[in-house]
Amino acid sequence: MSVALDGLNVSLRRGGADVPLVQDVSFRIEPGRVLGLVGESGAGKSLTALALIGLVSPPVRITGGRLSVRGRAVTLEDARAVRPLRGKAVGFVPQDPFTSLDPLFPVGDQLVETLRAHLPLDRAAARDRALRLLADVGLPSPAERFEHYPHQLSGGMRQRVAIALALCAEPPLVVADECTTALDVSTQAQIVALLARLVEEHGVSVLLITHDLGVVAELATEVAIMYAGRIVERAPVESLLRAPRHPYTRALLEAVPRIGAEGGGAFLAIPGTMPRPGELPPGCAFHPRCPWASERCRTERPPLEQRGDSELACWHPLEPGDVSQTSSGGSRA
Amino acid sequence: MRLVRGLLEGTRRGTRVALLVVAAYVVLAAGARWVAPQPVQDLRSLDLMNSSLPPAWDADGRREFLLGTDEQGRDVLSGALFGLRLSMGVGFAAVALAMLIGLAAGLLSGYRGGWLDAFLMRIADAQLTFPAILVAMLLDGVARSVLPRSVHETLGIPVVIGAIALAQWVPFARAARVGTLVEREKGYVQAAQVMARPGWSILLGHVLPNVLGPIVVIATIGLGNAILTEATLSFLGVGIPPTSPSLGTLVRNGSAYLPSGAWWMVVFPGLALAGLVLAVNVAGDGLRDGLDPKQRSAVS
Amino acid sequence: MIAGVLTRLLQGLGVMLVVGLLAFAVSTKLGDPVNNMLGQNATIEEREAMRRELGLDQPFAVQYGRYLGRVVRGQLGVSYRLGVPVGELLVERLPASVELSGMAMLLTLVLGVPLGIYTAIRRGSLLSKIILGASLAGLSVPTFLTGLLLIFLFAVQLQWLPSSGRGEVVSIGPWTTGLLTASGLRSLLLPAITLALFSLALLLRLVRGELLDVLHSDHVRFARARGLPERSINFRHGLRNALLPVVTVAALQLGNLLAFSVVTETVFQWPGMGLLFLQAVQFVDVPVISSYLLLAAVAFVLINLVVDVSYLVLDPRVRSTVGGR
C-alpha cells in the first residue's frame with residue numbers, strides 16, 4: 001500500500017505573522033520505491049522530513065497536511081495524532097551517526113528499548129530480534145557489538161545501527177535525512193548499497209532527503225526538486241537526470257562535481273542565492289536567478305502541473321535540446 | 001555604541017529594565033554625597049539623641065529620618081547610600097582587576113600555547129574549586145598577623161578587591177584564550193610574525209573586539225558575585241574596616257538589634273543590596289541569552 | 001578503572017603536600033611561635049632553649065617533615081585563643097558542621113534536581129517561570145540576609161524556632177548529634193534552609209540548562225523520532241546525559257557550601273568549624289587557621305575524587321579510555 005503526503009504547509013510565527021517555510025508539498029511513494037527530495041540547504045527539505053514525524057517546535061508549526069500510511073490518513077497539524085506514527089508508521093534515519101545515538105547506553109539496549117516500545121516482546125525475544133536486525137543491516141559479529149557503546153563503533157557501523165533502529169517496528173515509510181552526508185566516500189557507498197538492499201527486501205517506501213544527486217542517481221526511483229519551500233519539478237529519476245525541464249533543476253545538475261574534476265566544488269552555475277523565507281519575490285520564486293525569466297514569471301506563480309509521468313512548475317520549461325544559457329564558467333560538458 | 005546596540009538587540013524587555021535599574025543604582029551611589037540627607041561620613045553629624053528611630057511612617061518615627069536611624073543616630077537611608085557607593089566601588093574594581101588578569105592570562109595562554117597554556121589552564125581549574133570567601137579570609141588572616149593594625153586597616157579594601165579578583169579571573173581568561181586561538185588561525189598573525197612585530201600587540205587589537213560580547217556578559221555576572229562576596233566579607237567583619245561601612249557592614253551592625261525588633265537597620269541596607277544584585281543578575285542573564293545563538297534557534 | 005582512581009589518589013596526595021607546605025608556612029612564619037608561647041618578656045636564653053625544643057633551629061625540610069609527621073598523628077598544635085589542642089577542638093566542632101552541611105546538601109539535591117527537571121520539561125508554564133524567577137532571587141539575596149530575615153520572622157516575631165545554637169545534642173561516642181532530639185532538629189531547620197538556598201537556586205538552574213541542552217541534542221531527537229515514550233526520553237536519555245556536568249558542578253558547590261557555612265554558622269551562632277575559623281581569623285589564631293586550611297584541602301581533594309569516580313561510573317566513554325579495552 002502506497003504512502004502519500006497531501007498539501008504539507010509549515011510556517012514560522014514571527015511578529016504576529018506566519019512566514020511560510022514549506023508550501024503545498026505533496027507526493028506519493030509506492031512500496032519498494034524511493035523518492036529523492038533534493039534542494040539546496042534552506043529549501044525546506046529537512047523541515048518536510050521533520051514535519052512527517054511531528055518534530056517541529058514553536059515558533060515553527062505545521063499549518064496543513066495529511067499523511068496517508070497503511071490506508072489511514074492523519075492530519076499533521078494534530079500533534080497528538082502524529083506522535084503514534086513515530087517509529088511505527090514512519091521510520092527516521094538521522095543525519096549524523098556520531099551524535100544520534102545515546103552515548104550512555106550500549107547499542108543493544110537502545111535497540112531492545114525501541115523494539116519493546118512498539119512490539120509486545122519480552123526482553124529475551126526483543127534481544128533475539130535486535131540481534132537479527134543488526135545482522136540484517138550488515139553489522140559484523142552482532143552478538144559482540146550488541147554490548148558495545150556507540151563510541152566503540154565506527155561511523156559506518158553507527159549508521160547501520162541507526163538504520164536498524166529506524167526499522168525496528170517495520171514502518172511502511174522510512175525517511176532518511178541526509179543519512180550519508182556525514183560519512184566518508186567508501187562508507188557512503190556501503191550505506192547506499194545497504195539501503196538499496198533493504199528497500200528491495202522489505203518493500204518499504206523511502207523518502208530520501210539529500211543534496212547529493214549522485215546518491216539520488218543510485219537509490220531513487222523518482223526525484224522531487226525543492227526550491228524556496230516548494231516542489232518545482234518531480235519526475236522519474238532517469239528522465240529528470242537526462243532531461244531536466246526546470247531551469248533550476250538543470251542548474252543543480254550542472255553543479256554536480258564530477259569525480260576527478262578540478263576543484264570539485266559544487267557551485268551552482270547561476271548567479272544569486274535562494275531567497276530567504278519571508279522574502280519571496282512575487283511570481284516564480286526562482287525568476288530573479290533564471291536566465292529565461294519573462295514578465296509572466298515575475299508576476300504570476302507557475303502552478304505545479306501534471307505532465308505525463310512527471311510534474312513541473314515553470315512557464316518556460318526547457319526542451320531536451322536547449323543549450324544552457326549560462327555556459328560561461330559553471331557548466332561542464 | 002555599536003556594541004551596546006548589538007548586545008541589546010534581541011534581549012527581552014526585562015533585561016533592559018534591569019539595566020536601567022543598575023544605571024539608577026550607579027547614579028545614586030556616585031551621587032551619594034549630594035543625594036543623602038545626612039553627611040554620615042562626618043561623625044559629628046550624628047546625634048545619639050536620634051538613635052534607633054523607626055522609619056518615618058511608624059508612630060515613633062521622625063520625618064527627617066525616612067528609613068529610621070541606627071544605634072548611633074545614623075540615618076539608615078544615608079548610610080545605605082554611602083554603603084552602596086563603597087560596595088559598588090569594590091565590586092567594579094574587583095571585576096576590572098579580574099578582567100585585566102584574565103585577559104592577560106588568556107591572551108598569553110592562547111598565543112604561546114604549549115606548556116604555558118597547560119600550566120595556566122591547570123591553575124584556572126584549581127582556582128575554580130576554591131571559593132572567594134575562603135581565599136579572602138585567609139589573605140585577611142595573613143595580613144592581620146604580619147601587618148601592624150593601622151596598615152592593615154588601610155590595606156583592607158585592596159586586599160578584599162584582590163581576593164575577589166583572584167576568584168573571578170578564570171572565565172575572562174577562558175574567553176580570551178578561545179578568542180585568541182580563533183584569531184591565531186587567521187593569516188595576519190603569521191604576517192605580523194614575519195614582519196617581526198610583536199604578534200600579541202596586534203592580537204590584542206583583533207581579539208578584543210571579537211570577544212567583547214562574552215566579556216561584557218562575564219563581567220556583568222561577575223559583578224553580581226563580586227558585590228555579594230564583598231557584602232558577605234563585610235558582614236563577617238573580614239577585610240573592609242568598620243570605619244567605612246559598606247552595605248554588608250551596616251547589616252552586620254544592625255543584626256545585633258534585630259532581636260529587640262529594630263528590623264529597619266538590617267532590612268533596608270539588605271534590600272538595597274539584594275535589589276542591586278538581582279538587577280545585575282537579571283541583566284547578565286538576559287545579555288547571555290541574547291548572545292547565545294542556541295537560545296534563538298527556531299527549529300528544534 | 002582502578003588505575004584511574006589510583007592516579008587521582010596520587011595527584012590528590014601531591015596537592016595535599018603542597019597545601020601542607022602552605023599550612024606549615026602559615027603556622028611557623030606567621031607570628032613568632034616562641035613569642036606566642038613565652039610572651040614578650042622572656043630572656044634570650046629561654047628563647048633559644050624554646051627554639052631548640054620546638055626544632056626551629058633545624059633545616060626547613062626537616063622542620064616540614066616533622067610538621068607532616070605531627071599532622072598525620074593528629075597533633076595540630078594548641079589554639080592560642082582557647083588554649084586547647086586544635087585536634088580536640090576540631091573533633092568537637094566537626095559533627096555540628098557535618099550535620100549542617102549534610103542537611104543543606106540534602107535539601108539542595110532533593111529540591112534542586114526535581115525543580116530543575118520540571119522547569120526544563122514544562123518550559124513555558126507559569127509555575128516554571130515563577131520557580132525560575134524565585135531562583136534568580138535566591139542567587140541575589142546574600143546568605144547572611146536570608147538567615148537574618150528567617151531569624152527575624154520565625155524566631156523573633158513568631159517565636160516558632162530557636163534563633164541560635166544546636167539545641168539539645170546526644171553523644172554517640174565522640175560524635176554529638178542534634179538529629180535525635182526535637183530541639184536539635186528544630187534548631188537545625190533555619191540554618192539548613194539558609195545554607196541550602198543559594199546552592200539550591202544554582203543547582204536548579206544548572207540542571208535546567210543542561211537538561212534543555214540535552215533535550216535539544218541529536219540523540220534525543222532521534223529517540224523522539226523512534227517513538228520512544230516521553231518518560232524514557234526525558235529521564236532515561238535526557239536526564240542521565242544532563243547529570244554528567246551537573247555532578248561536577250554540584251560537587252564544586254560543596255566547596256561553596258563550606259565557605260557559606262562560615263556565614264551561616266556566624267548568623268546562627270552554630271558551634272561548628274566555620275565559626276571556629278572565622279574567630280581564628282579575627283584573633284590570628286594561627287594553629288587553627290592552618291589546620292582549617294589542611295582540612296579544607298582534604299575536603300576538596302575528596303570532592304574531586306568523588307567527581308572523577310562518579311564520571312567513571314556514569315560515562316562509558318571515560319570508562320573505556322581510563323580502564324583500557
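1. The model is predicted: local features need pLDDT of at least 70 and side-chain atom pairs count only at pLDDT 80 or more, while totals for chains, interfaces and linings use all residues. Residues are numbered from 1 along each chain as its sequence is written, with chains lettered from A and ligands numbered from 1 in the order in which they are written.

2. In chain A, four strands make an open antiparallel sheet, ordered β2-β1-β4-β5 (strands are DSSP runs of E, at least two residues, numbered from the N terminus; two strands pair if DSSP finds at least two bridges between them). β2 (17-29) and β5 (72-75) of chain A are at the edges with a single partner strand each, so one side of each has no neighbour in the sheet.

3. β4 (residues 60-69) of chain A is joined to β5(A) by four bridges. Leu67(A) has Val74(A) as its bridge partner in β5(A).

4. In chain B, the axes of α4 (residues 76-112) and α7 (residues 149-184) come within 4 Å and cross at roughly 35° (helices are DSSP runs of H or I, at least four residues; axes are lines fitted to C-alpha atoms over the stretch in contact, and angles run from 0 to 180 degrees between N-to-C directions). The contact of α4(B) with α7(B) comprises 24 nonpolar, six polar and three charged residues (Ala, Val, Leu, Ile, Met, Phe, Trp, Tyr, Cys and Pro count as nonpolar, Asp, Glu, Lys and Arg as charged, the others, Gly among them, as polar).

5. Between chains, 20 residues of chain C contact 22 residues of chain A (C-beta atoms, placed from the backbone, within 7 Å). On the chain C side, α9(C) gives the largest share, seven residues.

Definitions and conventions. Two residues are in contact if their C-beta atoms, placed from the backbone, lie within 7 Å.
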